[in-house]
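Subject: Structure handover

Hi,

Here is the structure I promised to pass on. Please load it first, then read my notes below.

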Amino acid sequence: MDTIITRFPPSPTGYLHIGGARTALFNWLYARQKGGKFVLRIEDTDEARSTKESVDAIFESLEWLGIDWDEGPYFQTQRYDIYRDYINKLVESGHAYYCDCTPEEVEAMREEARATGKKPMYNGKCRELNKKPNSGSKDGKSTNMVVRIKAPKMGSTVVDDVVKGSTAFPNSEIDDFIIQRSDGSPMYNLAVVIDDITMNINTIIRGDDHLVNTPKQIIIYNALEASLPLFAHVPMVLGSDKARLSKRHGAMSVSEYKDMGFLPDAMLNYLVRLGWSHGDQEFFTRQELIEKFSLEHIGRSPSMFDMDKLTALNAKHIQSKSPSELAPIFLSNLHKIGITPQTESNLETNSEPKLNKNLDNGLGLNLEKIIETLQPRSKTMVEMAEASKFYFQETIEFDESAAKKFLKPDMVDPLKRSIEYIKAIALADFSEKNLEDVFKKVMEETNLKFGKIAQPLRVALTGSTVSPGIFEMMLALGKDRTVQRIERAVGYIEIE
RNA sequence: GGUCCCAUCGUCUAGCGGUCAGGACGCUGGCCUCUCACGCCGGAAGCUCGGGUUCGAUUCCCGAUGGGAUCACCA
């Protein structure tokens with residue numbers, strides 16, 4: 001078998017959206033699994049709608065997802081000479097012809113066809129006229145004539161597809177479609193085929209909205225006597241109302257999911273499961289995906305995008321990562337809500353950033369431990385950042401009803417004892433085990449159950465009644481901060 | 001409308017003639033527990049309909065219905 005070469009050819013008329021990302025992912029996974037090549041090509045022949053911003057946004061989203069390419073990016077607008085050569089060949093070999101019918105004339109043909117109950121299409125007026133393209137051509141490129149393919153009139157064109165099977169399209173449905181505009185620029189179907197041929201693309205995985213123009217492309221392949229690639233048409237991703245996914249279904253662009261705190265790996269995992277399966281397995285690492293992906297197990301029916309499931313999967317991926325892997329993402333989400341803890345790198349000005357290392361704002365805050373305490377209770381990185389706020393507050397604000405309920409005079413004694421014993425722990429021995437011992441002692445002396453003292457402690461430490469476990473928080477906060485916060489709560493009770 | 005694709009719990013799906021139709025999300029009962037989560041155990045919930053083929057159809061064929069895609073000098 002030859003080297004597998006796949007491609008992803010977005011048109012830069014907007015951001016990379018969910019459906020496009022999935023198509024890119026399938027092509028990328030397949031190439032990676034087969035040790036093949038993945039080519040990126042920008043289809044910008046619609047110069048009116050293509051923008052540089054879109055190109056950049058697409059690159060950025062692919063990069064975020066970790067989808068890298070081996071060749072390209074190619075830009076179709078830089079390949080017009082190549083298309084022109086092929087178009088000329090097609091005309092010379094009699095597979096295509098010049099046509100000077102005006103858009104109005106063509107529209108009239110369509111009207112006529114509609115009136116007689118037939119399919120509206122070009123009637124082939126110039127098909128056998130052998131027109132030459134010289135009228136009004138100043139630059140030798142624009143001709144005032146379009147070039148049309150000489151499509152077969154009889155029989156049918158068959159598309160063999162790995163996921164859809166074999167489908168026959170009646171040639172009577174296909175008219176002599178334009179392959180070159182009157183300004184000399186190529187039309188989509190032509191450019192795609194020429195690119196795929198010249199880039200040696202042998203495996204085409206794309207949305208099944210392309211299935212219906214595959215016969216048109218096959219006609220061009222045949223006219224050029226080129227061998228056909230393997231086609232795999234993947235069903236569409238629909239919105240929650242079963243309509244094609246669009247803006248009104250909420251977030252469409254990949255970058256929005258980044259902003260919402262989703263992990264790239266979770267995104268990949270979710271996207272790949274939308275239309276592909278591997279038995280009952282739901283959770284996949286990037287590496288597993290590359291190993292297990294297969295064209296054979298792509299489903300044939302369209303699927304709906306489900307935010308809840310993505311979120312659940314994201315939670316699982318957050319749990320499965322190490323704190324150090326999460327640290328840079330966590331920090332950038334913290335930054336977005338206005339919290340920028342000092343790090344090793346900006347404490348020592350000329351050291352390289354070491355975001356994966358433990359961080360310390362000078363008071364014993366331990367970044368990786370903070371993350372660890374939040375991992376099992378964060379569905380997104382945005383949630384994690386939000387939930388971590390209390391760690392970074394110099395003076396924590398007590399939630400009013402929480403303080404009223406738990407910071408009461410009868411807690412002063414147990415809290416003071418706690419402070420005393422925590423203080424007695426040597427800095428090097430500040431561990432979960434020793435903290436447990438401390439509170440065992442406090443509980444014995446005060447004859448209280450831990451449940452009785454836990455909530456007051458929680459309010460003292462965080463200001464709220466909902467938080468990670470007491471001991472793990474203390475470790476993340478560090479000994480000094482822990483003591484300070486409990487002392488402050490005691491002071492608060494005594495003043496009230 | 002023509003052409004084409006598709007059809008298992010609400011959703012994503014496993015299933016490739018004989019299964020108590022399996023898993024996941026969501027929903028829900030419980031357990032665990034220092035709160036909230038996590039985790040664990042359990043529950044409700046599905047083969048669109050009608051014809052065939054077959055000893056036997058969720059599975060194969062045909063039709064209906066429903067949903068989707070596409071019919072440009074857009075990609």
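Pro468 reaches a base of RNA strand B: one of the polar backbone atoms of Pro468 sits 3.4 Å from a base oxygen. Bear in mind that this is a predicted model.

In Asp46, a side-chain N or O atom is 2.4 Å from a sugar or linking oxygen of RNA strand B.

RNA strand B is surrounded by 59 residues. Asp46, Arg181, Arg377, Arg458 and Ser467 are the closest. Which part of the RNA faces the protein, going by atoms within 4 Å? Sugar or phosphate accounts for 70% of those atoms, and bases make up the rest. On the protein side, the surface near RNA strand B has 21 charged, 21 nonpolar and 17 polar residues.

Several elements supply at least two residues each to that surface. The helices are α4 (103-115), α10 (307-320) and α19 (450-462). The strands are β7 (165-170) and β12 (303-304).

Next, the sheets. One is open and has 3 strands, ordered β1-β2-β3, with parallel pairing. Its edge strands, β1 (5-8) and β3 (71-75), each pair on one side only. From one strand to the next, the twist averages 25 degrees. Strand β2 (residues 37-42) pairs with β3 in the parallel sense over 3 bridges. Arg41 has Tyr74 in β3 as its bridge partner.

Another open sheet has 3 strands in the order β4-β5-β8, and here the pairing is antiparallel. Strand β5 (residues 146-149) is joined to β8 by 2 bridges, and the two run antiparallel. Val147 stands opposite Gln180 in β8.

Last, a helix pair. The axes of α13 (residues 367-374) and α20 (residues 470-477) come within 8 Å and cross at roughly 155 degrees. An angle over 145 degrees counts as roughly antiparallel, so α13 is roughly antiparallel to α20. The crossing of α13 past α20 is left-handed.

Best wishes

Conventions:
Residues are numbered from 1 along each chain as its sequence is written. Chains are lettered from A and ligands numbered from 1 in the order in which they are written. This is a predicted model: local features need pLDDT of at least 70, side-chain atom pairs count only at pLDDT 80 or more; totals for chains, interfaces and linings use all residues. Side-chain values use heavy atoms; hydrogens and water are left out. A residue is near a molecule or strand if one of its heavy atoms lies within 4 Å of it. A polar contact is a pair of N or O atoms within 3.5 Å; within protein, one must be able to donate a hydrogen and the other to accept it, and residues adjacent in sequence count only if both atoms are side-chain atoms. Helices (H or I, at least four residues) and strands (E, at least two) are DSSP runs, numbered from the N terminus. Ala, Val, Leu, Ile, Met, Phe, Trp, Tyr, Cys and Pro count as nonpolar, Asp, Glu, Lys and Arg as charged, and the others, Gly among them, as polar. Two strands pair if DSSP finds at least two bridges between them. Axes are lines fitted to C-alpha atoms, for helices over the stretch in contact, and angles run from 0 to 180 degrees between N-to-C directions. Angles under 35 degrees count as roughly parallel, over 145 as roughly antiparallel, 65 to 115 as roughly perpendicular and the rest as oblique. A crossing is left-handed if the near helix is turned anticlockwise from the far one by less than a right angle, and right-handed if clockwise.
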